[in-house]
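Thanks for coming. I will show one structure and then talk through a few of its contacts.

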Amino acid sequence: MSAFNWKPFVYGGLASVTAECGTFPIDLTKTRLQIQGQAHDAKFMEIRYRGMVHAFVRIFREEGLRALYSGIAPAVLRQASYGTIKIGTYQSLKRLFVDRPEDETLILNVCCGILSGVISSCIANPTDVLKIRMQVQGSLIQGGMVGNFINIYQQEGTRGLWKGVSLTAQRAAIVVGVELPVYDLSKKHLIKSGHMGDTVYTHFLSSLACGLAGAIASNPVEVVRTRMMNQRVLLNSSSFCYKGTLDCFLQTWRNEGFFALYKGFWPNWLRLGPWNIIACPVTSLSAPAVLYQESEIRGQANSMSSKSFPSTQQRGQIEDALRYI
């Protein structure tokens, strides 16, 4: 068993925050698409956006560039907590069972990925709630991040900050449980086909493939989660649209049709590509120190210089942990 390595936490958080800032407008269009068309909520009954591109253009024209980054503060805080804890825990859990990356198995990676995803998503849930509400309200929201956190707590209590936490945990488990095997199979197939080696392009295409599978499997949970988190239930009040997760799921299907559960699918999937393009260079810059420390712990420090740039295979091992944000 290797000693505790804190660097994956730091570098994972840094890469997550950088990628989040670059892809946030895509995430905002996803939230706006998922929240519209609700039959029992007059505020969100209107279908304002026909798709991702139309939503992006209309928000920019009507609300300005700043609205496309509404909610960026809690989103960055989410990645600094969720991304850091998730990636760091994922790597640390694997090292508890095996010392060398080449000894890892798919089952081990899936189990560690699900556990780290559930833990980190539960801890960071309040930032998800505030991010979604700020994305929905856009330029209409008043006050800053801290003030809105306090406002949610005062009006809805602790339950308001952890609204939808079970859905967040379910989404994390589904995404990892589906994406890890698909990514592993896609990468192996591309390499064995002889058309592509173990390159950055192989990792990118495999990420798109596993992202598609993950989006198909998790989008219904994502829609229900977004709507539940956006629903305000005041203390000592019985006025609300959805009684719970199942009720939200059934009402959405019954009133808007099955495909309403796949609102925001395209930005949900396409966000993964730019996310990896941004995250991977950050990872590449930080990877040598992580790899050097692991090598040093195993008594093999002479085989790698701390200043050397990591090989494609070594860089890919760390990039793999970044796909599930």
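**Around Phe 149**

Phe 149 touches Leu 77, Pro 126, Thr 127, Leu 130 and Leu 161, leaving aside residues up to four places away in sequence; touching, or contact, means heavy atoms within 4.5 Å. This is a predicted model, where local features need pLDDT of at least 70, side-chain atom pairs count only at pLDDT 80 or more, and totals for chains, interfaces and linings use all residues. Residues are numbered from 1 along each chain as its sequence is written, and side-chain values use heavy atoms, with hydrogens and water left out.

Phe 149 is also one of the 12 residues of the largest nonpolar core, including Ile 35, Val 129 and Met 229. Such a core is a set of buried Ala, Val, Leu, Ile, Met, Phe, Trp, Tyr and Cys residues joined through side-chain atoms within 4.5 Å; buried means under 20% relative accessible area, with a 1.4 Å probe and protein chains only. Helices H5 (125-137) and H6 (145-161) each supply at least two residues of this core, and H5 gives the most, with five. Helices here are DSSP runs (H or I, at least four residues), numbered from the N terminus.

Now to Arg 133, which is in H5. Is Arg 133 buried or exposed? Arg 133 is buried, with a relative accessible area of 3%. Its side chain reaches the backbone oxygen of Met 229 at 2.9 Å. A polar atom of that side chain also lies 3.2 Å from the backbone oxygen of Gln 231. Among the other residues that Arg 133 touches are Ile 152, Glu 156 and Lys 163.

Definitions and conventions:
Buried means under 20% relative accessible area, exposed over 50%, partly exposed in between (1.4 Å probe, protein chains only). A polar contact is a pair of N or O atoms within 3.5 Å; within protein, one must be able to donate a hydrogen and the other to accept it, and residues adjacent in sequence count only if both atoms are side-chain atoms.
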